[in-house]
Amino acid sequence: MGQESEIMFEQGAIRPPNEAGSLLVRVTRNCPWNRCHICPPFKGLKFSKRPVEEVRRDVDRMAELYASRGLAPESAFLQDADSLVVPTDELLDIIGHIRMRFPSVRRVTTYARAKTMKGKSVEDLGRLREAVLTRIHSGMESGSAEVLELIRKGNTPDDILAGGLHVVSSGISLSEYIMPGVGGRRLSRDHALETAKILNRIRPDYVRVRTLAIHPLSPLERMTREGAFEPMTDVEIVAEIRLLVEHLDEMPAHFRCGDFSLNLLMQVDGRLDRDKGAMLDEIDRFLALDPERQKAFALIQRSYPGLLPLEVAEDAPVMEEAASEVRRLEASEPDGFNRAIRALMTRQLPPLPGPTWPD
Ligand code: SF4
């Protein structure tokens, strides 16, 4: 809830990192699907569509607040997880109202599920584009049917393809989010190859990389304990990303690891038609390190999430100190190092709203 004395309006839990400066306008609450095994922020929370009048009132209150502070945002982001479930005419009304109250807003963006994008006609998407809905962010995660089923994504590869093509054909910019590691060891190859295949057909503007971290209360954690899911190591995930990049066409799409600190190699970031070779070279430099250095590098990056240049692996004193911690963790319990890394990664996940992860 945004709040300033008596000025109040609703805000949702999440937005893409590059929308940090955007006006956040909540048009629905939570996620209409909400069953994926990978995603904590809406679990246990009921989905609802907000009446247009209520959203307009929020925009009015935000306009008062921003005016009182002399702020003029250039972009707005429609929350929460799947705003395209709102009928097109209602979305047009809301976007029109945002632009009336905030003439400085030049672009509006949102999240949407593949099935919902598929359900919107290209014509309706075109009307939204004309109203300056300029970009849609969509959590594809994988192009593999088996992986999508495993994580209960509720979309098939055909849904992802059709939804993505609708958006691209309408002229709206598309960001597809993919999740290395999410198929576990068994499905890793299928995950990389099928994901590349679908992305090559959709040709989105952005491929944003979101390495899997397993929430301790999630079904994937339970499946890991039961042996039904085999989490991959950092080195295996980097090799999976290499396979994916290798099979992606040299298209004018940004391949971005740099905007998410759960990606071990955030420096693998560039345009596929321009930088694919350089990105593969950077991955190969990591894969060529000896195993002890790879683990020491991973431990440093997981302990201090952020962009870590590979040159760190040449710094002998830093590497020796990290390597001795790696040895201590390995000796502490079976699979001790990998468990410690996974625990460090979960710290970066958004919080679960309640005490349990509902089925
Ligand atoms: S990943 Fe997306 S579709 Fe799945 S529960 Fe989370 S917000 Fe909903």
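Helices here are DSSP runs of at least four residues, numbered from the N terminus. Keep that in mind for the labels below. The model you have open is predicted.

**Stop 1: the second largest pocket**

Select helix H8 (219-226) and helix H13 (336-346). Each supplies at least two residues of the lining of the second largest pocket. H13 gives the most, with five residues. The space in this pocket is about 280 Å³. Its lining has 16 residues, and Thr224, Pro231, Asp335, Arg339 and Arg342 are the closest to its centre. Now colour the lining by type.

**Stop 2: the largest pocket**

Next, select Ile14, Cys39, Pro41, Tyr111 and Pro350. These lie nearest the centre of the largest pocket, which is lined by 40 residues. The volume of the largest pocket is about 960 Å³. Colour this lining too: 25 residues are nonpolar, eight are polar and seven are charged. Then show strand E8 (residues 133-141). Strand E8 provides four residues, the largest share of this lining.

Where does the largest pocket lie? Colour domain 1 (1-111) and domain 2 (132-359) separately. Both give residues to the lining, so the largest pocket lies between them.

**Stop 3: arginine 302**

Move to helix H11 (residues 291-303) and pick out arginine 302. Is arginine 302 buried or exposed? Its relative accessible area is 2%, so arginine 302 is buried, because buried means under 20%. Show its neighbours. Leaving out residues up to four places away in sequence, arginine 302 touches several residues, including Thr211, Asp234, Asn263 and Met345. Finish at leucine 262. Its backbone oxygen lies 2.9 Å from a polar atom of the arginine 302 side chain.

Key
Residues numbered from 1 in each chain as written. Predicted model: local features only at pLDDT ≥ 70, side-chain atom pairs only at ≥ 80, totals over all residues. Heavy atoms only, no water. Buried < 20%, exposed > 50% of the residue type's maximum accessible area, 1.4 Å probe, protein only. Polar contact = N/O pair within 3.5 Å; in protein donor to acceptor, adjacent residues only side chain to side chain. Contact = heavy atoms within 4.5 Å. 1 Å grid on protein atoms, 1.4 Å probe; cavity = no way out; pocket = protein on both sides within 12 Å on 5 of 7 lines; lining within 4 Å. Points joined across faces, edges and corners; volume = space filled by probe spheres on them. Nonpolar A, V, L, I, M, F, W, Y, C, P; charged D, E, K, R; others polar. Domains from an automatic or database assignment.
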